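Work through the two exercises below with the structure in view, and follow each solution one step at a time.

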Amino acid sequence: MIPFEVLALVTSLTNALGVTLIARGMKGTKPIVAAFWSVAVQTAILAALLLTNLPELNWTAVGYFVLGGVLSLGVARLLNFVAMRGLGVAKTSALIGSSPVMTTLLSLVILSDVPDLATLVGAATVALGVALISGASGFKVEKALLVGLASALAYSLSNIASKSGVLIQPNPFLSATAGAVAGLAFITAYLAASGQMRDLAVSRHSLACFAATGVLSSIGWLTMMSALETGSVGVVTTIVFSYPLFALITTRLLMKEEKFSTRTVIGSTLVVLGVAIVTLI
């Protein structure tokens, strides 16, 4: 049996490589088009796996899964790709990497619990990391930074919605597939309503990057679910959301034209450290 730490690390690596490939494929292509093709491939893979053992459906749970999919693969992924255009892979990955802390804080608000010291320290560490990677001076905040934070918030809300569904019907395959179908439907509806369906024709290079991202996302999800079956949620989450650090490496290797400063490296490290504090302590 493969150790759960290794499985979680595979998820982290696929996340990092996926966002880098998306950035390469988006050159000359709209973020919404990148979102469509990556989600379409991911949906096809997950649906094929689910159909091999289709469970009886609890429609309340499915409703939560659909909401989670629209927020995650629809809203959050689109905002993620938009932010990536303005901030680059490394900075955007660090912002998205803060979503576990946002999820924890949102859960505390929803459940009216009092946050413990570790949560407060972790949240403060993430906030410092975000401040560093923003590169902002004074009160001037870059628009792309706000888009990235909005994406992280949407991912966090998606996690809460999906978790609510899993509590009703604990089937991660159903959760992921229903979410992917809903996300794809949302993106397709947006493209149709905005008259952008004609933009789906992209170059072979871009399509290959988007399709590869969809495959990597599917692999990452499967390895993460396998890791959670035997490993601690805190440890798995920490390893998975260390991917902003791996994104620095994959960006350096595959996108040599993207530059990042010492502030970006330190900020990304602080975000990962903040997530570790919240999830492990």
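A residue is called buried under 20% relative accessible area, exposed over 50% and partly exposed in between, with a 1.4 Å probe and protein chains only. Helices are DSSP runs of H or I with at least four residues, numbered from the N terminus. The model is predicted, so local features need pLDDT of at least 70 and side-chain atom pairs count only at pLDDT 80 or more, while totals for chains, interfaces and linings use all residues. Residues are numbered from 1 along each chain as its sequence is written, and side-chain values use heavy atoms, with hydrogens and water left out.

**Exercise 1.** Find which residues of helix 10 are buried, and describe how helix 1 passes helix 10.

Solution. Helix 10 is mostly covered, with six of its eight residues buried, namely Gly234, Val236, Thr237, Thr238, Ile239 and Val240. Next, the axes (lines fitted to C-alpha atoms over the stretch in contact, with angles from 0 to 180 degrees between N-to-C directions) of helix 1, residues 4-25, and helix 10, residues 233-240, come within 8 Å and cross at roughly 30°. Helix 1 is therefore roughly parallel to helix 10, a term for angles under 35 degrees, as roughly antiparallel is for those over 145, roughly perpendicular for 65 to 115 and oblique for the rest.

**Exercise 2.** Determine how helix 1 is oriented relative to helix 9.

Solution. The axes of helix 1 and helix 9, residues 204-230, come within 8 Å and cross at roughly 160°. The two helices, helix 1 and helix 9, are therefore roughly antiparallel to each other.
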